[in-house]
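Q: Could you walk me through a few spots in this one? I'm new to this, so please spell out the terms.
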Amino acid sequence: MKKTITLLGLALCSAATLAQPVTTKSSTEQQVGYSFGYLMGRSNVDTLKGMDLDAFVAGLKAASLGQQASLSDEDMARILTQFKKQAEAKQLIELKQRAEANHMIGKAFLAENSRKDGVKVTSSGLQYLVLQSGSGKKPKASSKVRVHYEGRLIDGTVFDSSMARQQPAEFQVTQVIQGWTEGLQLMREGAKYRFFIPANLGYGQIGSGDAIEPNSTLIFDVELLEVINK
């Protein structure tokens with residue numbers, strides 16, 4: 001590992017000081033250096049954003065050659081802690097801005113959607129459209145259900161689909177987001193509904209993973225296959 005890191009440091013420094021672009025006609029050392037540098041940069045875009053890359057390469061080169069650092073360990077720890085705090089504060093601001101934008105976009109979408117034929121709105125703000133009526137059992141909050149579903153954002157991006165996996169999901173009605181808990185209890189076995197779920201009935205201001213941003217309005221197509229009562 002130590003040899004690999006040293007090679008990476010030297011390779012990056014060599015690539016950074018080249019006057020000509022690296023091509024397949026360049027030396028092996030230059031191609032290796034460029035490849036390491038490019039791949040490292042591509043996988044650390046957010047971390048390197050706004051950083052002085054010349055200083056980064058200088059520090060990498062000094063360390064790889066065993067040279068004395070121009071900053072003490074205490075100085076480096078202090079400035080990196082400060083940098084981390086600033087980056088986190090910036091991320092929080094950006095997250096808040098995205099949440100506010102998503103809230104306004106979702107609000108406008110739901111207002112327009114509520115006027116479409118067949119769309120019903122509950123007192124909580126959940127909207128649903130009956131795609132296919134069912135005639136079987138109706139689940140309760142204490143019920144376990146087996147369903148097929150597909151979830152997408154209002155721009156059409158699919159973020160989860162048991163249909164694509166061809167594997168139904170089983171869970172208790174109260175073990176899912178609030179919009180699902182309410183919506184499932186409106187259905188009967190064999191029914192297919194489309195739920196339009198406001199953020200406050202979904203993942204709220206936190207979101208879920210990279211796919212679902214804060215305050216995202218969600219759309220789910222749900223088919224209730226079976227009610228498994230306790």
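Q: Is Tyr34 buried, partly exposed or exposed?
A: Tyr34 is partly exposed, because its relative accessible area is 40%, where buried means under 20%, exposed over 50% and partly exposed in between, using a 1.4 Å probe and protein chains only. This is a predicted model, in which local features need pLDDT of at least 70 and side-chain atom pairs count only at pLDDT 80 or more, while totals for chains, interfaces and linings use all residues. Residues are numbered from 1 along each chain as its sequence is written, and side-chain values use heavy atoms, with hydrogens and water left out.

Q: And where do Tyr34 and Tyr38 lie?
A: Both Tyr34 and Tyr38 lie in helix α2 (residues 28-43), 4 residues apart, about one turn of the helix; helices here are DSSP runs of H or I with at least four residues, numbered from the N terminus.

Q: How accessible is Tyr38?
A: Tyr38 is partly exposed, with a relative accessible area of 45%.

Q: Switching topic, what does the side chain of Ser162 make a polar contact with?
A: The side chain of Ser162 makes that contact with the side chain of His148, at 2.9 Å; a polar contact is a pair of N or O atoms within 3.5 Å, where, within protein, one must be able to donate a hydrogen and the other to accept it, and residues adjacent in sequence count only if both atoms are side-chain atoms.

Q: Is Ser162 buried or exposed?
A: Ser162 is buried, because its relative accessible area is 0%, and Ser162 is found in helix α6 (residues 162-165).

Conventions. Helix = DSSP H or I, 4+ residues; strand = E, 2+ residues; numbered from the N terminus.
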